[in-house]
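I keep these notebook entries for a reader who is new to the structure. Each entry records what I looked up and what I found.

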Amino acid sequence: MKPNRAMKSLLEQYKIDDVNLISQDSSYPIWQKKDAIGRKYWGVSNFCGLDRKQIKSTQDLSQLEWDGNEIHLDAQTDEEVKILLVKAVGILLYWKKNLEYQYPETQFYVFASYDNGDMLILDEGELPTRSVTLRFWADRGTDTVINLDFFDDWEQPAIVEYCNVALPNPKCTP
């Protein structure tokens, strides 16, 4: 797992020393389906309902996976933030292992970002909701989802992992 600088700082703040020692969390198992023309796409949970109707043959499947595989976890207190971060990393570790084992021929990204809730409008005395959003998508070589250039310098804490890196892809850096 590759945390950016902001995520490294956040993990240090909550005394999470080595994310690779966190136990995998299988709360969100991965499934695979095909669109109208037989292209594979992967998801978790209800996929935000995005595949209730048939997926069009022109649909950008990486973007569809980015949108459909959004898992949102939240915390209200500082004590809950550490639990939240550990759970999020555990899910990412499970996804990584599962994707590499079940689908070794496909390259994937697993990704999580943290929001400290500082942009929320709160009522007096209300604590901000801190959250982690997790996603994964297959790399289809089109760079349509997010730009990971300067990832380490992002202000928002985030963590990314590139799965099945033994396959050649010069554009991607794990």
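**Confidence.** I began with the pLDDT, the predictor's confidence in each residue, from 0 to 100. The protein averages 89, and 93% of the residues score at least 70. Over residues 167-174 the pLDDT is below 50, and this stretch has 17 contacts in the model beyond near neighbours in sequence; a contact means heavy atoms within 4.5 Å. I then looked up the helices and strands, which are DSSP runs numbered from the N terminus (helices: H or I, at least four residues; strands: E, at least two). Confidence is lowest in helix α2 (residues 61-68), at a mean of 93, and highest in helix α1 (residues 5-13), at 97.

**Conventions.** I note that this is a predicted model, in which local features need pLDDT of at least 70 and side-chain atom pairs count only at pLDDT 80 or more, while totals for chains, interfaces and linings use all residues. Residues are numbered from 1 along each chain as its sequence is written, and side-chain values use heavy atoms, with hydrogens and water left out.

**Helix α2.** I asked which residues of α2 are buried. They are L61, S62, L64, E65, W66 and G68, where buried means under 20% relative accessible area, exposed over 50%, and partly exposed in between (1.4 Å probe, protein chains only). Since 6 of the 8 residues of α2 are buried, this helix is largely enclosed by the rest of the structure. Its buried residues pack against β3, β5 (108-115) and β6.

**G68.** G68 has a relative accessible area of 3% and is buried. Leaving aside residues up to four places away in sequence, G68 touches V44, F47, C48 and L50. I also looked up the separation of G68 and D118, which lie 50 residues apart along the chain: their C-alpha atoms are separated by 26 Å.

**C48 and the cysteines.** C48 sits in the loop between β3 (40-44) and α2. Its phi is near 55°, a positive value in a residue other than glycine. I record C48 as partly exposed, at 41% relative accessibility. How many disulfides does the structure hold? I found 0, taking a disulfide as a pair of cysteine sulfur atoms within 2.5 Å. C48 is in no disulfide, and the nearest cysteine sulfur, that of C163, is 20 Å away. C163 counts as buried, at 0% relative accessibility.

**F150.** I located F150 in the loop between β6 (130-138) and β7 (158-163). F150 is exposed, with a relative accessible area of 66%.

**Cavity.** I searched the whole structure and noted 1 cavity of 30 Å³ or more. A cavity is a set of points, on a 1 Å grid over the protein atoms alone, where a 1.4 Å probe fits but cannot get out; lining residues have an atom within 4 Å of a point. Grid points are joined across faces, edges and corners, and a volume is the space filled by probe spheres set on the points. The largest cavity holds about 30 Å³ of space. Which residues line the largest cavity? I list M7, L85, A88, V89, A112, V132 and I159. Helix α3 (residues 78-102) gives the largest share of this lining, 3 residues. The lining divides into 7 nonpolar, no polar and no charged residues. Here Ala, Val, Leu, Ile, Met, Phe, Trp, Tyr, Cys and Pro count as nonpolar, Asp, Glu, Lys and Arg as charged, and the others, Gly among them, as polar.

Note on methods:
On a 1 Å grid over the protein atoms alone, a cavity is a set of points where a 1.4 Å probe fits but cannot get out, and a pocket is an open set with protein on both sides within 12 Å along at least five of seven lines; lining residues have an atom within 4 Å of a point.
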